Amino acid sequence: MRKGIAGLAALAALTAGAAGCTVRPAGEGGAPVRIEVPGRTSSAPAPESDPASRAPDDGGGSVRPGAPAPRVLWSPGDSGRDVRELQARLRQVAWIFHGPTGTYDEPTVKAVRGFQGKRGLPRTGVTDSVTWRRLLAMTREPGKWELYLMGGQPADAPDPRCRTGRVLCISKSSRTLRWMIDGRTVSTTPVRFGSAYTPTREGVFHVYWKSRHHVSTLYDSPMPYAMFFSGGQAVHFSADFAARGYAGASHGCVNVRDEAAIARLYGQVREGDKVVVHE
């Protein structure tokens, strides 16, 4: 009897411890993961023995009759990096086509509901542990530019050359444009660059010409709100960027996908203002 009690205690202990431009050449560009659950720190993931972290299923994603409801991970109104990953994985299996936005919006609800229904899970539209487990098994971990396919990424710190005057401060590493005046950031917007065959030039330039309704003479493509800074390379609105995000590239220009943002910027930037393009 004593040996049986000791064995049960050892088993319990073991379970508890388991843990488009004008003058450049053509060439259009071209395992389970840690889950950060709201309310938990990333350095202390839920142990496998925590009943809330275990989905009540049979290993194939089907909820056992009479089992407790699986724990809800994310639901409408939630936001953050984890929701962004959920959306990126749903894109991989063609259940969502917008974003990722990082906000659990109505299109995300519809996508989750469709994914659940296709796999015989309750069509709740909220992401519980069973739904997430099934999605993880069908997808791979998304890369950075899948998570930020349509923008929303944080901007790098400004280059030192952007600290004085009126500057379009453009970072290739964070893919962002800061509009700065005397060291103060007025606005920040995601941008896209040229491909490996038609790279956007780096360095310090100045806006030498603005053309509100410009059309490329080389590619016959619209370049609204164009602000030219180096030969035929300009900062301008791109409908392709708005539609496809970072899945495409320019012919060397700096593309902006937010038309309202580029319209405001165009109204503020003057000819002669500095442009810094850096890594």
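A search of the whole structure turns up 1 disulfide (a pair of cysteine sulfur atoms within 2.5 Å).

Mentor: Before we start, this is a predicted model, where local features need pLDDT of at least 70, side-chain atom pairs count only at pLDDT 80 or more, and totals for chains, interfaces and linings use all residues. Residues are numbered from 1 along each chain as its sequence is written, and side-chain values use heavy atoms, with hydrogens and water left out.

Trainee: Which residues form the disulfide?

Mentor: C162 and C169, with sulfur atoms 2.1 Å apart. The link is right-handed, with 80 degrees about the S-S bond.

Trainee: Are those two buried or exposed?

Mentor: Both C162 and C169 are buried. Buried means under 20% relative accessible area, exposed over 50%, partly exposed in between (1.4 Å probe, protein chains only).

Trainee: New topic. What does R119 touch?

Mentor: R119 is in contact (heavy atoms within 4.5 Å) with W95, R134 and M138, leaving aside neighbours within four places in sequence.

Trainee: And how far is the nearest side chain of opposite charge?

Mentor: That is D128, 12 Å away. R119 is buried but has no salt bridge. A salt bridge needs a side-chain nitrogen of Lys or Arg within 4 Å of a carboxyl oxygen of Asp or Glu.

Trainee: What lies 3.2 Å from a polar atom of the R119 side chain?

Mentor: The backbone oxygen of F115.

Technical notes:
Lys and Arg count as positive and Asp and Glu as negative; His and the chain ends are not counted. A polar contact is a pair of N or O atoms within 3.5 Å; within protein, one must be able to donate a hydrogen and the other to accept it, and residues adjacent in sequence count only if both atoms are side-chain atoms.
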